[in-house]
Every structure is written in C-alpha cells, then in structure tokens.
Amino acid sequence: MKLALVTDLHANREAVEAVLGHAHAQGAQRFVFLGDYVGYGADPGWVVDTLRRYLDEGAIAVKGNHDAAAVQGAQPTMVADAREVVAWTHGQLDAEQLALLDRLPLSVRDGDCLYVHANAYAPTGWGYVTSRLDAVRSMHATDARLTFCGHVHEPLLFHLSGTGKVGDFTPVPGVPIPLSAQRQWLVIPGSAGQPRDGNPAACYASFDTVSGELTYHRVPYDHEAASAKVRAAGLPERIAQRLIDGH
Amino acid sequence: MDTEPGPAPRATRLAAGQVIDGFRLDEHLHQGGMANLWAVTRVGGDDPLPLIMKVPRIKGGEDPTSIVGFEVEQMILPSLSGPHVPKFVAKGDFTGQPFIVMERLAGDSLRKRFDDAPLPADEVARLGARIATALHDLHRQHVVHLDVKPSNIMFRADGTAVLVDFGLSRHDFLPDLLDEEFELPMGTGPYMSPEQVQFIRNDPRSDLFALGVLLYHLLSGERPFGAPTSVRGLRQRLYQDPLPPLAWRPDCPPWLQELVLRCLEVQPDLRHQSAAQLAFDLQNPAQVVLTERATRRTRSGRVQTLRRWFKALGAEPAERGNAAHQAARSPILLAAVDVANADPGLLEEVRDTVQRLLHTEPGARLACLTVMKVNRIGMDELVDKDGGSRHVGLLVQLKHWARPLLQELEATRPEQAGRVTFHVLEAPDAAGAIVDYARKNQVDHVVMGARSSGGLRRYLGSVSAEVVAQSDCTVTVVRSLLRPSP
C-alpha cells in the first residue's frame with residue numbers, strides 16, 4: 001500500500017491542493033494527516049472540509065496543537081501573534097468544523113506504524129523532536145518500528161539501531177530511502193502549509209509498505225497567492241512573508 | 001505491515017536444495033568473514049542471469065558489524081545500475097532469513113592475481129584504468145565504495161571491472177547507518193585512506209587512495225603501509241610515506257610510479273580529483289607530467305617524517321561535499337579541433353569557448369585532440385613515412401592553437417601541469433574517432449567547431465552532427481559568426 005503522509009497544513013489551501021494533487025498522481029492509496037490543519041493560513045474552513053472528505057474515504061488523522069487551540073479559542077497566556085491568529089481561526093470555523101477537530105485522536109497505531117503530531121513520549125506536551133536526543137526519547141517510548149510525526153516543519157529522518165546507536169539525516173527530495181526492518185525510524189515529512197527550511201515549496205512524504213521505501217517530496221505551489229490571502233485576511237505580516245521566504 | 005516485528009531470528013544452518021523466498025540454494029560457493037555465498041536459481045523462473053545469494057554470517061546473534069554492513073548493502077545495491085556493479089535481484093530482511101540475491105559474476109576476484117605480483121607494468125596500468133573507470137561510474141551514482149581491495153573487484157568477460165560488496169559504502173542521498181555505529185575507523189587496514197582513518201566517509205578520493213595501494217602492491221609485490229591492525233598503526237600513513245615502487249623494481253616506468261604515488265598522497269587535494277582523470281592518465285602514459293615523485297627512490301628522511309608526524313597530530317580533515325559533486329567538479333573537457341583545415345576565425349571561437357568553460361570549472365582538465373585522416377585500409381611504407389611527419393606537424397599546430405589557453409591557465413606552473421594534454425588520432429573517420437575517444441576516456445564535455453561552408457558541409461557531411469548524435473556526453477558545437485565572403 002502506498003501511503004501519503006501530510007502534516008502541518010496550516011490552513012494553506014494552495015499548498016494542500018498542490019500536495020494532494022501530487023500524491024494522487026504518484027498513486028497514493030491511503031492518506032495519513034499528522035495534525036495542525038489550521039492556524040497561520042487564510043483558509044481554515046476549506047482545509048477542515050477537505051480533511052472531512054478524506055476521513056470519509058478512510059484517511060487517518062491525528063490532532064495537532066494548533067487544532068486544539070482553535071477549538072479552545074484564544075487564551076491570555078498565548079503570545080500576541082498567536083492569540084490573534086487563534087482568535088481569527090476560531091471565528092472562521094463553524095461548530096461542525098470545530099467539533100471535527102475536537103474529535104481527532106492524539107495518536108493512531110496501525111501495525112508497526114505510529115502516527116502522532118509531536119512525539120511518542122508525551123503527545124499532549126507538544127515537545128518538539130529537533131535533536132537525536134529527542135528522537136531517541138520518542139522511539140524508546142513506543143514499540144512501533146516506524147513513527148511518523150509533524151510539529152517540526154523541516155523534513156528530517158532519525159534512526160535507532162538495535163545496539164542503541166542513533167543517527168539523523170536530512171532527506172533529499174525524490175530519492176526513495178529503503179527503511180531497513182532491523183531498526184526503528186522516526187519520520188518527519190516537513191510542513192505542507194508553512195515550510196521553514198528556506199525553500200517555500202510544500203513538503204510531504206510517501207511510504208510504500210510493501211517495498212519499505214520512504215520518499216520525501218517537495219511540491220512547488222503558488223505561495224505568492226497564499227501569502228497575499230494571509231495579508232488580505234488581516235493576519236500578521238510576518239506570517240504572510242514566511243510563505244514567501246520559506247523560513 | 002501486518003506482522004509485529006518479533007525478535008531477530010538466528011540464521012539457521014542452510015543446506016543445498018533449501019528454498020528461501022522462492023530461490024533454491026544450489027551450491028555453497030564461498031564462506032567469507034561476513035557472509036556466505038550460494039549459487040541459487042529462482043524456483044519456476046527463468047532468469048537471464050546466473051544468480052548468487054549472499055547470506056550474512058551472524059556470529060552469536062550480536063554482531064553489529066555484519067548486521068549493519070548488511071543493512072547498508074541492502075540499502076545501496078538496489079540503487080545502483082550499469083556494467084560496473086552486479087545487478088540487484090531481490091532481498092530479504094532480518095525479520096526472516098536476511099539475504100541479497102544478485103547477478104553471479106563468472107571467474108575469480110582480483111585477489112587471485114595478487115599471488116602473481118609483481119606484475120608487468122603495462123598490465124598494472126591496464127587493470128588500474130579499468131578499476132578507475134568502474135569507480136568513476138560508482139561516484140557518478142553518488143556512492144563512495146570505501147572498501148576497494150582485490151577481493152572486491154571482479155571482471156566481466158570483456159574485461160570490464162565490476163565492484164562488489166557495498167557493506168562499508170556511503171550514498172550521498174541515503175542515511176549513513178555506519179556513521180554513528182562504531183568507534184573505530186571502518187575499512188580494510190592496508191587499503192584505508194588517511195581521511196577514512198580520521199572518520200571521513202564522504203570523499204570519493206578515498207577510493208583513489210585504496211586503488212593506489214592496490215596498484216602499488218601489484219607493481220611491487222609489497223604493501224605500501226603493511227597490514228596494521230591497531231589505530232596507531234593505521235595512523236602511520238598520515239605521516240610516513242611509502243617506499244617508492246622504484247626501490248622494489250628498477251624497471252618501474254617513472255610515469256606509473258608518478259601516478260601510484262599521487263594516489264597515495266595524504267591530502268586528497270593532491271591526488272587526482274576524479275577517478276576519470278586517473279583513468280585518463282593510466283591510458284595516456286605519454287601525457288603524464290612527471291614530478292619529483294616519478295624518480296623518487298627512497299622514502300622521506302626522519303626529519304621530514306617527524307615534521308609530518310607533528311602536523312598529523314592536530315590535523316582535522318576538512319569535511320567534503322559528496323561523491324557525485326566531487327566528480328562533477330573535476331570534469332574532463334575535450335576540444336576536438338580540425339587545426340589543419342578549419343577556418344582561422346572558427347578556431348579562435350572554439351578556443352574562446354573552451355577558455356570560458358575552463359574559467360567556470362577550475363577543477364577541469366582539457367584534452368586537445370585533432371584527427372589525422374588515414375586510409376581505411378592499412379598504409380604502405382611510403383604513406384607511413386609521410387604520415388609520421390604529418391602527425392608531428394599536426395601536434396605542433398595543435399599546441400600552437402592551445403598556446404593562449406596554456407598561458408591563461410599558467411599551465412607552466414607545476415600545480416597546473418598536466419591540466420592540458422594533446423592527442424593526434426589517426427583514423428579514417430573523424431567523428432567515430434572523437435566519439436570513441438570521448439567514451440574511452442570518460443570525457444564529460446566535447447567542444448568542437450562546425451563547418452561553416454554550406455556547400456562543403458553538404459559534400460563532406462557534418463562531423464559535429466555525427467558527434468552530437470553518437471556521443472554519451474554533452475557536446476558544444478561552435479559556429480563562426482563571421483560569414484565567409486561570397
């Protein structure tokens with residue numbers, strides 16, 4: 001089965017359309033969404049409706065911190081930019097859309113795969129996996145051979161051998177990586193809706209469960225249009241500019 | 001996906017006749033330190049190639065070297081293609097019986113030939129050129145082998161070298177599973193490059209060092225750095241240079257010693273910058289620029305060795321880019337120039353184009369070539385005499401044409417020497433000769449002029465069009481903007 005792993009969509013309709021189109025063209029048979037459907041972007045309603053359509057067709061989806069925040073509404077403890085975005089997003093979503101986000105599970109286990117937004121050791125703590133140490137902590141917390149997570153917007157791959165040696169790797173788009181069966185892997189596909197590695201093209205990954213091959217993808221999309229919509233919605237300028245810079 | 005990963009099963013004793021994942025074991029061929037090799041056939045299949053199955057030897061179930069090495073090979077071999085690697089067929093992972101099935105190569109590895117060393121110099125050069133050609137193909141596929149040694153080199157019936165065993169290799173675009181695994185340098189003691197001793201695993205020029213060790217051994221019957229087993233012993237090659245091959249055999253051609261000792265340079269920057277450039281030199285002995293290396297008869301004195309030892313103490317090897325990048329940065333350009341017949345304006349434009357390319361590619365080498373047309377059938381003595389002087393005449397013209405390029409490159413300076421070479425080919429068909437030459441020498445880019453006169457082109461046909469159509473590499477055809485007056 002060919003899985004498409006899409007994460008951190010962040011209400012970016014242009015990016016999500018491009019990624020889903022690319023994945024369908026590549027023959028994806030099942031979609032897995034790793035959270036953060038809303039927040040930052042100008043089209044939260046469209047992205048949640050799209051998610052619902054995919055869920056109806058058998059997709060897997062877990063909840064992200066931005067989804068939890070959108071349901072909850074703005075909190076006084078949030079920093080100003082975040083408070084503004086959360087309040088705006090909350091106002092854009094109807095009760096049904098908010099209920100859908102609220103119902104999403106924090107993690108899903110399917111065979112030897114674990115899907116979770118932030119990490120396996122404390123899914124609601126939203127701790128980032130940015131180092132080998134974090135990755136080991138997450139891989140030790142699960143017996144799943146493969147962990148797929150988002151939260152971190154840069155594409156990354158970690159692996160842990162039977163002897164406890166951990167390695168990390170910055171993937172090259174379009175090159176299939178055979179994930180050997182004798183070690184644990186932690187896969188971060190990178191953000192579809194708000195890439196931050198200096199390249200504005202949308203990220204996602206595909207995984208072939210038969211061949212065991214993982215491929216990271218970069219999909220160019222009309223990020224200038226998406227950025228203009230963020231600006232037009234009156235959201236903070238820094239968020240609009242981020243889509244142009246990819247930072 | 002559906003099965004939970006269980007404990008890694010022990011490799012059970014295999015026997016002929018047993019079937020593993022649709023492959024029947026026919027004959028146990030070899031037991032190595034890391035793996036067993038079996039001749040196999042696909043049950044009910046008719047594979048066009050004879051097949052071999054490699055099964056890792058797992059000693060006591062806890063042997064990270066053989067397990068990780070096998071994982072690495074399972075990862076890298078399927079990504080490789082072409083005549084210089086065995087064709088990958090199938091693999092099985094450690095949840096069942098781990099194995100790799102690949103094309104079975106006939107004959108023995110180069111290991112057997114080592115019993116006959118020292119070998120004649122021309123045979124050493126021929127073997128070296130073939131192996132370097134294979135390495136260049138591997139590097140272009142983004143892989144550094146990192147375990148080049150006689151037992152990992154096989155040959156096809158036509159002499160093509162084939163590299164086997166990718167258990168220590170590194171792929172530019174795949175995770176390096178070995179990077180973090182071990183606290184000791186990885187490789188085979190006698191062949192390991194100085195930078196490998198210092199844990200650098202991404203420099204394709206490490207393979208040229210190992211090839212240098214191999215050629216040295218074939219040439220002299222001796223190992224340049226012995227067979228050390230300790231890290232201290234391995235580090236010796238960082239400061240102690242080997243006894244020159246001439247010390248072992250006075251008949252060693254100076255050009256071959258020059259090439260072998262250049263492979264064995266401690267600094268990768270002092271070696272050939274790509275395997276193709278080394279293959280080129282091994283096939284064009286007359287063009288090898290000889291330095292002090294060529295005539296050396298003893299190793300450095302104690303003072304110099306001591307100085308190097310101090311330098312090696314604190315030396316941190318520079319991080320390198322990646323295999324394919326290094327190969328691409330060191331291209332071979334071929335300027336095919338019809339010095340005898342082409343329009344002077346066109347010759348100048350071809351030279352200008354070459355000059356621009358050399359500017360943008362500081363690591364490039366330039367081969368200047370012209371074809372001397374000869375009859376299709378063997379020449380009689382009279383023509384031969386005449387041919388000899390024509391040959392020299394063309395070489396003089398070719399060098400004269402390239403003079404401004406040499407000045408620009410300051411090719412007279414020793415570090416630039418050897419960047420430009422000259423070749424007069426004798427052939428009945430210019431296009432065929434250029435294409436063959438480019439292929440044999442792994443040229444990356446051919447630059448040549450186009451016949452400007454429409455009438456002549458119609459009458460004689462276009463050499464450049466034929467080269468463009470038949471070449472494997474990039475071809476730039478330069479056209480003169482100055483129209484000949486009617």
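**Helices, chains and domains**

Helix 2 (residues 44–56) of chain A and helix 5 (residues 95–103) of chain A pack with their axes 10 Å apart and at an angle of about 60 degrees. This is a predicted model, in which local features need pLDDT of at least 70 and side-chain atom pairs count only at pLDDT 80 or more, while totals for chains, interfaces and linings use all residues. Residues are numbered from 1 along each chain as its sequence is written, and chains are lettered from A and ligands numbered from 1 in the order in which they are written.

Q: Why are helix 2 of chain A and helix 5 of chain A called oblique to each other?
A: Angles under 35 degrees count as roughly parallel, over 145 as roughly antiparallel, 65 to 115 as roughly perpendicular and the rest as oblique; the angle here is about 60 degrees, and the two helices are therefore oblique.

Q: Which residues make the contact between helix 2 of chain A and helix 5 of chain A?
A: Helix 2 of chain A contributes Gly45(A), Val48(A) and Arg52(A), and helix 5 of chain A contributes Gln97(A), Leu100(A) and Leu101(A), where contact requires C-beta atoms, placed from the backbone, to lie within 7 Å.

Q: How many residues does each chain give to the contact between chain A and chain B?
A: Chain B gives 22 residues and chain A gives 19 residues.

Q: What domains does chain B have, and where do their bounds come from?
A: The bounds come from an automatic or database domain assignment, which gives domain 1 (19–103), domain 2 (110–326) and domain 3 (331–478). The C-alpha centres of domain 1 of chain B and domain 2 of chain B lie 28 Å apart, and 18 residues of domain 1 of chain B are in contact with 20 residues of domain 2 of chain B.

Technical notes
Contact = placed C-beta atoms within 7 Å. Axes fitted to C-alpha atoms, helices over the stretch in contact; angles between N-to-C directions. Helix = DSSP H or I, 4+ residues; strand = E, 2+ residues; numbered from the N terminus.
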